[in-house]
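Thanks for coming, everyone. I would like to walk you through one model this morning, helix by helix, and then say where I would read it with care.

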Amino acid sequence: MTAHTSLPRRAAAELIGTAGLLVVVVGSGLKAGQLSADTGVALIANSFVSAIGLGLIITLFGPLSGAHLNPVVTLTSWWSRRTGGEGVGGREVPVYVAAQTAGAIGGAVLAEAMFGRSPGAFATQVLDGGHLLVGEVIATAGLVLVIQGLGRIGRARLVPVAVAAYIAAAIWFTSSGSFANPAGTIGRSFSDSFTGIAPGSLPGFVAAQLLGGIVGLALAGFLYGSGAKNGAGRAGRGAREAGPAPGATAVPAVPAALPATGPADGANPDRDAYRTIG
């Protein structure tokens with residue numbers, strides 16, 4: 001895929017993709033709650049559908065924006081770029097995060113409306129306690145480690161399947177249910193369902209997720225070294241040196257590692273990793 005993708009189009013992909021993710025998560029939770037009074041059965045359905053939807057969304061939007069769908073993923077991508085690996089530039093970060101947050105809120109409200117509920121009502125499910133925050137740190141650290149680890153060993157094409165599988169598992173093995181996404185957590189505060197979270201619980205969860213992102217980055221660096229050493233980075237640099245095919249727009253797989261500058265508008269540092277999918 002060599003089509004030019006501008007920053008507004010990438011932001012639109014992040015907004016639509018994150019909205020779609022919240023429609024899947026909240027909508028499947030509402031449907032499961034309607035069909036079964038057994039919370040365990042409802043959670044099985046919700047985790048299964050959420051994993052499938054997430055994998056499909058990453059596959060579809062990955063070639064456009066990288067399908068971060070998550071401010072922690074965007075921030076760790078930016079940090080990876082600053083340390084010599086792949087990632088987004090500094091000026092893209094606030095655009096991505098704003099699009100993700102708006103998309104998450106819109107997706108949750110849309111799911112509520114789709115099931116005939118009054119949209120815009122805040123969640124009442126309070127999630128507090130240190131054990132839940134520890135669960136969020138672990139859930140988010142694992143997510144970042146999966147994404148960064150696969151990228152650093154040159155297997156980023158496995159990200160859609162790996163992330164979907166990880167989230168499906170983390171929903172069950174973490175005490176918090178693995179929100180692992182600040183934008184998604186904010187969006188879920190707009191759904192008074194079993195997938196929701198009360199606004200008062202947001203600060204603790206978001207802080208835990210940000211801490212988890214740092215832990216995940218540290219683990220990836222310790223286990224796999226600098227992002228500059230991965231095979232995908234070498235391939236991206238080779239593609240830039242060779243230049244674009246006749247009539248095609250150059251799309252670098254890895255932007256130049258200059259901390260003070262971002263990629264030119266339209267460059268997409270994440271797209272090549274998904275070209276072989278599907």
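Let me begin at one helix contact, where Ile138, Ala139, Gly142, Leu143, Val146, Ile147 and Leu150 in α5 meet Val159, Ala162, Val163, Tyr166, Ile167 and Phe173 in α6, contact meaning heavy atoms within 4.5 Å. By class, this contact of α5 with α6 has twelve nonpolar residues, one polar and no charged ones, where Ala, Val, Leu, Ile, Met, Phe, Trp, Tyr, Cys and Pro count as nonpolar, Asp, Glu, Lys and Arg as charged, and the others, Gly among them, as polar.

Residues are numbered from 1 along each chain as its sequence is written, and side-chain values use heavy atoms, with hydrogens and water left out.

As for the overall layout, the protein has nine helices and zero strands, these being DSSP runs numbered from the N terminus (H or I with at least four residues for helices, E with at least two for strands). Of its 278 residues, 50% count as buried, that is, under 20% relative accessible area, with exposed meaning over 50% and partly exposed in between, for a 1.4 Å probe and protein chains only. Among contacts with a separation of 6 or more, 79% come from residues 24 or more positions apart.

Now to the geometry of the helix pairs. Two packed helices are described by the angle between their axes and the distance between the axes. Here the axes are lines fitted to C-alpha atoms, for helices over the stretch in contact, and angles run from 0 to 180 degrees between N-to-C directions.

Returning to the pair I opened with, α5 (residues 130-152) and α6 (residues 159-173) pack at an angle of about 165°, with their axes 10 Å apart. That makes α5 roughly antiparallel to α6, on a scale where angles under 35 degrees count as roughly parallel, over 145 as roughly antiparallel, 65 to 115 as roughly perpendicular and the rest as oblique. The crossing of α5 and α6 is right-handed, which is to say that the near helix is turned clockwise from the far one by less than a right angle, anticlockwise being left-handed.

Helix α1 (residues 7-35) and α2 pack at about 170° with axes 9 Å apart, and these two are therefore roughly antiparallel to each other. Their contact divides into 13 nonpolar, eight polar and three charged residues.

Glutamine 148, found in helix α5, is buried at a relative accessible area of 9%, and, not counting residues up to four places away in sequence, it touches Thr76, Ser77, Ser80, Leu217 and Ala220. Threonine 76, in helix α3 (residues 71-82), is buried as well, at 6%, and its contacts beyond four places in sequence are Val144, Gln148, Gly213 and Leu217.

Turning to the backbone, most residues other than glycine have a negative phi, and most peptide bonds are trans. Alanine 67, in the loop between α2 (39-65) and α3, has a positive phi of about 50° and is buried at 7%. Serine 178, in the loop between α6 and α7 (182-188), has a positive phi of about 55° and counts as buried at 4% relative accessibility.

Finally, confidence. The protein averages a pLDDT of 84, and 80% of the residues score at least 70, pLDDT being the predictor's confidence in each residue, from 0 to 100. Over residues 229-267, however, the pLDDT is below 50, although this stretch has 72 contacts in the model beyond near neighbours in sequence. Residues 274-278 also stay under 50, with twelve contacts beyond four places in sequence. Where pLDDT is low, the predicted coordinates should not be read in detail.
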